[in-house]
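Colleague: I would like to learn how to read the features of a model like this one. Please take them one at a time, with the general idea before the case.

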Amino acid sequence: MRYRVLDTPVDGVDMAGALAYVAEAVRNGDRPAFILAVNPEKVFVLRQDAFLRDFFEQAALLIPDGIGMVKGLKILHGVTVTRVPGADLMQNICREAPARGYKIFLYGSSEEVNAGVCEILRKRYPGIQIVGRANGFAAPDEMAALVDRINASGADILFIAMGSPRQEKWMSEYAGKLTTVKVCQGIGGTLDTIVGTVKRAPAFWQKLGLEWFYRLLCQPSRFKRQLRCFKFALEVLYYKFCFFSSTH
């Protein structure tokens, strides 16, 4: 079910529910279903970007990627879910791919990273069908050929690792030309975390919902960005105890 945390839509779904949605979309979908991640920082980005705001409203599945969205769903709507990090959803889809017969195409990041991820995933999930791949540096006049390659591969699932808003703009422009893809997930920098060029927080920090704090410790330059997390929390509390209570 879709809710709004402040002015941003997000689905009250956990990892099992997200994976079930993917399975259903691959089995019965007739067009690419967009899966996008929502976190507190994205709330402020969408307020300033009309294209992204409209695109997220139209997405098939908006996963609660950040702990702030999980807490926001609980505080504002009484909905209890666990985080669904986009990077984890992508790898869980790959884990299920051999048994479910998913055909996967990887698009984005550098040539070295893209190729490295394919090799890692094939070793990690024996039997996975990675039917095609392409780095994220294709020129605009090469996009028609790329779309043809994706269609010829017969891919069911397309992972796009180009960062926001590039990956959303690509989906908006080209997804309508895809003939076999049923699920299209924007995964940002996930491929870099798989090959290890970018480190994720240890599992302990992730379980505590403090992955954002770990990144801040590792990259103090993120401080201004992380201030949005505190602003988000204050807005949620204001909405809950001031605005919401005054309207009920």
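Colleague: Which salt bridge do the side chains of Asp30 and Arg31 form, and at what N to O distance?

Modeller: In general, side chains of opposite charge can pair when their charged atoms come close. A salt bridge here is a side-chain nitrogen of Lys or Arg within 4 Å of a carboxyl oxygen of Asp or Glu. The side chains of Asp30 and Arg31 meet that rule at 3.4 Å, N to O. Before going on: this is a predicted model, in which local features need pLDDT of at least 70 and side-chain atom pairs count only at pLDDT 80 or more, while totals for chains, interfaces and linings use all residues. Residues are numbered from 1 along each chain as its sequence is written, and side-chain values use heavy atoms, with hydrogens and water left out.

Colleague: Are Asp30 and Arg31 buried or exposed?

Modeller: Buried means under 20% relative accessible area, exposed means over 50%, and partly exposed is in between (1.4 Å probe, protein chains only). Asp30 counts as exposed because its relative accessibility is 65%. Arg31, at 58%, is exposed too.

Colleague: How many salt bridges does the structure hold, and which parts does the pair of Glu235 and Arg47 tie together?

Modeller: The structure holds 9 salt bridges. The one between the side chains of Glu235 and Arg47 has an N to O distance of 2.7 Å. Glu235 lies in helix H12 (residues 223-246) and Arg47 in helix H2 (residues 40-48), so this pair ties together parts that are 188 residues apart in sequence. Helices (H or I, at least four residues) and strands (E, at least two) are DSSP runs, numbered from the N terminus. Glu235 is partly exposed at 22%, and Arg47 is partly exposed at 33%. Asp7 joins Arg47 and Glu235 in a network of salt bridges.

Colleague: Where do Lys123 and Glu119 lie?

Modeller: Both lie in helix H6 (residues 111-124), 4 residues apart, about one turn of the helix. Lys123 is exposed at 62%, whereas Glu119 is partly exposed at 45%.

Colleague: Now the sheet. What is the order of the strands?

Modeller: Strands of a sheet pair through backbone hydrogen bonds, either parallel or antiparallel. The working rule is that two strands pair if DSSP finds at least two bridges between them. Here an open sheet of 6 strands has the order S4-S3-S8-S7-S5-S6, with parallel pairing. S4 and strand S6 (129-134) are the edge strands, each pairing on one side only. From one strand to the next the twist averages 20 degrees. Axes are lines fitted to C-alpha atoms, for helices over the stretch in contact, and angles run from 0 to 180 degrees between N-to-C directions. Helix H7 (residues 143-153) packs on the sheet, touching strand S5 (103-108), S6 and strand S7 (157-161), and its direction makes about 160 degrees with that of S5. Contact means heavy atoms within 4.5 Å.

Colleague: How many bridges join S3 to S4, and which residues cover the faces of S4?

Modeller: Strand S3 (residues 33-38) runs parallel to S4 and is joined to S4 by 4 bridges. Ala37 stands opposite Ile63 in S4. In a regular strand the side chains alternate between the two faces of the sheet. In S4 (residues 61-64), Leu61 and Ile63 on one side and Leu62 and Pro64 on the other are all buried. S3 also pairs with strand S8 (residues 183-186), parallel and over 3 bridges, and Ala33 has Val183 as its bridge partner there.
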